[in-house]
Each structure stands twice: as C-alpha cells, then as structure tokens.
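Please read the following walk through the charged pairs and the domain contact with the structure open beside the text. The account moves from individual side chains to the way the parts of the chain meet.

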Amino acid sequence: MQKTTEYLCRHHGGDGHKAAEKTIQSHAKNHDRDFQTFWHRHCDRQLSDKASVIDLGCGPGLWLNELAALYPNARLTGIELAPYMLDRINGLATNINIIIDDLNNPTVDIPVHSVDVVLANLLIHELHQPVTLFSKLRSWLKPGSVLILCDMVRQPLADYLEHQYADINLGSHTPDYEALTNAFQHFQEHNRYHPEDLIQLLERCGFKVIESELFKNGRAVRIAAISV
Ligand SMILES: C[S@@+](CC[C@H](N)C(=O)[O-])C[C@H]1O[C@@H](n2cnc3c(N)ncnc32)[C@H](O)[C@@H]1O
C-alpha cells in the first residue's frame with residue numbers, strides 16, 4: 001500500500017493537501033447534471049430501499065453524502081487509499097462506511113453477489129491495471145447489477161496543451177522546467193485509454209456495456225456496464 005500511496009501522491013502533483021482541495025472544488029463539476037442524469041438512468045432501478053452501493057476511490061466522500069441524502073436506508077461504502085483524501089472525509093451520514101484499501105489489488109472482503117451499484121469516477125486511469133479490480137467487481141456485484149465508470153481518455157497533445165496552457169504562447173514564453181515536466185507526465189498518465197479500450201476491456205472481463213457517452217469535448221467517457 002505504501003508504494004501505491006507514494007505513486008498517488010506524485011500523480012496528484014506531489015502536494016496531497018492541494019490535490020484533496022482540488023477534488024473538493026471540482027466535485028460539483030465532476031458530478032454535474034449530465035453525470036446525475038446518466039447515474040439515475042442506469043442506477044435508479046437497482047436502488048431499492050436497502051441497496052448496497054460502493055464508490056471506488058471516493059476521495060473526500062462528497063458523492064457518498066449526496067447519495068445518503070437520497071437513499072437514507074442504503075448501505076453506502078467508500079473505498080480510498082490516499083491519506084490526504086481520507087483526512088478530508090468528515091460529517092459522514094450514518095449509513096456510510098469507509099474502507100482503506102489499494103484498489104490495484106483489493107483485499108477487502110465483500111460478500112459475493114451483494115452489491116447493487118458500483119461507481120468508479122476518475123479512478124481507473126490512476127490504477128496500474130484495472131483487470132484485477134474488474135474481476136473483483138464481477139464477484140461483488142449481483143448478476144445484472146451496474147458499474148458506472150467515468151474517466152479521462154486519450155486526447156491529442158495539442159488539445160491538452162490548449163487546456164493546460166490556454167493563456168501562454170509557448171513560442172515566446174517557456175514555463176518553469178518542473179512545471180513542464182509535471183505537465184507532460186500528467187498528460188501521459190491521463191492518456192492511458194481510448195474509450196474503446198475501456199469498453200473492450202470491460203467486455204473481456206465479463207461485463208456487458210449498455211451505454212457509453214463522451215463528455216468534456218471528447219476528453220472523457222462515461223460508461224454503464226452490467227455484470228453478466
Ligand atoms: C481523481 S480522484 C476522484 C475522486 C472522486 N471519485 C471524485 O470523482 O471526486 C481519484 C481518487 O481515487 C483514489 N485512488 C486512486 N488510486 C487508488 C487505489 N489504488 N486505491 C484506492 N484509491 C485510489 C485517489 O486517492 C483519489 O481519491
């Protein structure tokens with residue numbers, strides 16, 4: 001776990017406190033109306049009164065708290081590893097449980113076929129590989145239950161630079177060396193998968209993809225898949 005924690009801290013820019021703050025600031029954007037429409041379209045039918053829901057890489061737990069307000073009798077679980085994210089979890093509703101585990105190779109004991117909905121929002125690109133997790137999810141999810149996966153996908157370097165350095169003309173101004181190195185590392189780590197890679201990987205791991213849609217001008221994908 002220590003190695004993954006160090007990897008994550010570097011991936012998050014080397015400053016955990018700042019990364020957690022950024023996650024809190026971008027919570028509304030990352031769970032906006034389009035996300036919620038997608039969520040309700042695929043999850044409402046699974047979310048009976050006593051449903052079990054897991055938020056993988058739940059960060060500071062804000063989405064879990066929103067779910068608790070909607071589903072006060074559901075069993076809500078967050079799984080998270082980064083200490084600076086865990087430190088920012090507070091004021092959790094009583095039906096939320098947080099588990100500390102490394103989702104690269106989860107060791108948490110979740111009963112077979114006990115979970116109704118799993119969310120992985122901006123998690124998969126941070127894993128060394130997602131196959132072990134997908135295999136665990138197939139065991140945890142009830143047959144026919146749903147995984148919602150949202151993540152950044154491949155984008156041309158030009159689009160990334162436009163987003164990252166919108167106000168800077170690289171022809172006349174060279175950003176700081178460290179910042180540039182981090183930006184190119186960040187580009188690579190957010191460029192792991194094409195949307196089709198994720199869809200095919202899920203299908204090879206025993207899921208049936210029922211809907212996918214691009215957002216952020218094609219820089220991200222939302223997928224709903226059921227465990228078959
Ligand atoms: C980009 S943040 C997204 C947080 C939250 N899901 C959201 O949408 O606001 C990714 C989260 O996944 C967590 N994470 C990444 N790799 C992990 C791992 N191997 N095990 C557990 N959590 C992990 C990170 O610490 C971070 O909190």
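In this predicted model, Asp-197 has a relative accessible area of 32%, and it is therefore classed as partly exposed, since that class lies between the limits of 20% and 50%. Its salt-bridge partner is Arg-154, with 3.4 Å between the closest N and O atoms, and the pair ties together distant parts of the chain, 43 residues apart, with Asp-197 in helix 10 (residues 195–204) and Arg-154 in the loop between strand 5 (141–152) and helix 8 (157–164). Arg-154 is likewise partly exposed, at 43% relative accessibility.

Under the rule applied here, the salt bridges number 8. Through shared partners, salt bridges connect Asp-32, Arg-41, Glu-211, Glu-213 and Arg-222 into one network.

The next topic is the division of the chain. Domain 1 comprises 2–152 + 193–227, while domain 2 comprises 155–191, and their C-alpha centres lie 28 Å apart. To the contact between them, domain 1 contributes 7 residues and domain 2 contributes 6 residues. The area buried between the two domains is about 700 Å², with 45% of it given by carbon and sulfur atoms.

Which salt bridge is found where the side chains of Arg-10 and Glu-189 meet, and what is its N to O distance? The distance is 3.3 Å, and the count between domain 1 and domain 2 is 1 salt bridge. On the domain 1 side of this contact, helix 1 (residues 2–11) gives the most, with 3 residues, and that side as a whole divides into 3 nonpolar, 2 polar and 2 charged residues.

Glu-189 itself is placed in helix 9 (residues 177–189) and is buried, with a relative accessible area of 6%. Its side chain makes a polar contact of 2.4 Å with the side chain of His-11 and another, of 2.9 Å, with that of Gln-185. Leaving aside residues up to four places away in sequence, Glu-189 touches Tyr-7, Arg-10, His-11 and His-125.

Terms used. Residues numbered from 1 in each chain as written. Predicted model: local features only at pLDDT ≥ 70, side-chain atom pairs only at ≥ 80, totals over all residues. Heavy atoms only, no water. Domains from an automatic or database assignment. Contact = heavy atoms within 4.5 Å. Buried area = accessible area lost by both parts, 1.4 Å probe. Salt bridge = Lys/Arg side-chain N within 4 Å of Asp/Glu carboxyl O. Helix = DSSP H or I, 4+ residues; strand = E, 2+ residues; numbered from the N terminus. Nonpolar A, V, L, I, M, F, W, Y, C, P; charged D, E, K, R; others polar. Buried < 20%, exposed > 50% of the residue type's maximum accessible area, 1.4 Å probe, protein only. Polar contact = N/O pair within 3.5 Å; in protein donor to acceptor, adjacent residues only side chain to side chain.
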